[in-house]
Amino acid sequence: MLVTGAGSGIGWASSLRLVRAGYEVFAAVRTPQEAALLLREAGVDGVARLRAFPLDVTDAEACAVAVAEVGERTGGGPWGLVNADAAVVARAVEETGEEEIHRLLEVNVLAAGRLARLVLPGMRRRGEGRIVTVSSVSGRAVLPWLGWYGASRAAAAAMTHALRMETAGTGVRVVLLEHGVHLTGLLEEAAGSLERPSTVSPDFTRSYRATAAALRNRARYTPAGEPAAVHRALAVPRPAARYVVGRDARVGAALDACLPYRWGDPLKRALLGPRPVARSMARALRLPR
């Protein structure tokens, strides 16, 4: 089993859960320090089934080498791939930098597709395998300041959907997992990107800072439902095509599908946007302020 993003959050928790369930896990992390911490957390019994190593998923050559090495150790490549590495930028669409956008798309979309391409030949030869891509409900229920992040998640969902259809009948099962909003390292990264002042307007800056503070004031979240869903997607004979995990994810996806933009957009702006709630709602409902 190859798991990316295993140095923190859902990748970390999923790796440990799978190791404790008896899987042999190759855990790709970002730094040697993360690898050491993961091995320590796995304990004496888990270390025998866990190999943690640094991998930059944006480096195509490094990914190819890593998958080849896993193939040598497993006699043909990993049976399963869990794409859990992720990046986030929280800024207005118009003032997100080119480098930030490229990294976001590289980690959340291109790397997931790259690794799928690398592991699929071995899976096809065996006539079985699983590819689980961890995404976010932000790909469907888009919020202010998360336009580029939502775009990357929507792209990953579309790619996963196409891959699922293309591998039908081969024994390879492809699954998308969409989680909600949780205070893991990913959201700490988002809060950090919101602390820079806006170049657009003071309203944007005030909203950025309020959103960052709200994120950091939340209790730290330890992933539980997501690793369980990852495990289920790998273990059951016929996994669902898509798992939506967490109450906020389920509610957000349902509301976004049901509410017209005339209602939904002001509600989202009321949560995160630059306008006060009353002003947004008044504009949406065309009521006097």
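A crossing of two helices is right-handed if the near helix is turned clockwise from the far one by less than a right angle, and left-handed if anticlockwise. Helices (H or I, at least four residues) and strands (E, at least two) are DSSP runs, numbered from the N terminus. This is a predicted model, in which local features need pLDDT of at least 70 and side-chain atom pairs count only at pLDDT 80 or more, while totals for chains, interfaces and linings use all residues. Residues are numbered from 1 along each chain as its sequence is written, and side-chain values use heavy atoms, with hydrogens and water left out.

Start with the helix pairs. Two packed helices are described by the angle between their axes and the distance between the axes. Here axes are lines fitted to C-alpha atoms, for helices over the stretch in contact, and angles run from 0 to 180 degrees between N-to-C directions.

Take α1 and α2 to begin. Helix α2 spans residues 32-47. Its axis lies 10 Å from that of α1, at an angle of about 25 degrees. The two helices are therefore roughly parallel (angles under 35 degrees; over 145 is roughly antiparallel, 65 to 115 roughly perpendicular, and the rest oblique). α1 passes α2 in a right-handed crossing. From α1, the contact (heavy atoms within 4.5 Å) takes Trp12, Leu16, Val19 and Arg20. From α2 come Glu34, Leu37, Leu38, Glu41, Ala42 and Gly46. The contact of α1 with α2 has six nonpolar, one polar and three charged residues. Ala, Val, Leu, Ile, Met, Phe, Trp, Tyr, Cys and Pro count as nonpolar, Asp, Glu, Lys and Arg as charged, and the others, Gly among them, as polar.

α1 (residues 9-20) also packs on α8 (residues 225-235). Their axes come within 8 Å and cross at roughly 55 degrees. That makes α1 oblique to α8. This crossing is right-handed. Ile10, Ala13, Ser14, Arg17 and Leu18 of α1 meet Glu226, Pro227, Ala228, Val230, His231 and Leu234 of α8. Seven of these residues are nonpolar, two polar and two charged.

Now turn to α4 and α5. Helix α5 covers residues 147-166. The axes of α4 and α5 come within 8 Å and cross at roughly 15 degrees. These helices are therefore roughly parallel to each other, and their crossing is right-handed. On α4, the contact includes Leu104, Leu105, Ala112 and Arg124. On α5, Trp148, Tyr149, Met159 and Glu166 are among the partners. By class, the contact of α4 with α5 has 13 nonpolar, three polar and three charged residues.

On a 1 Å grid over the protein atoms alone, a cavity is a set of points where a 1.4 Å probe fits but cannot get out, and lining residues have an atom within 4 Å of a point. Grid points are joined across faces, edges and corners, and a volume is the space filled by probe spheres set on the points. The structure holds one cavity of 30 Å³ or more. The largest cavity has a volume of about 70 Å³. Of its 13 lining residues, the closest to the centre are Asn83, Ala84, Asp85, Val107 and Ala112. α4 (98-126) and β5 (129-136) each supply at least two residues of the lining. α4 gives the most, with five.

Technical notes. 1 Å grid on protein atoms, 1.4 Å probe; cavity = no way out; pocket = protein on both sides within 12 Å on 5 of 7 lines; lining within 4 Å.
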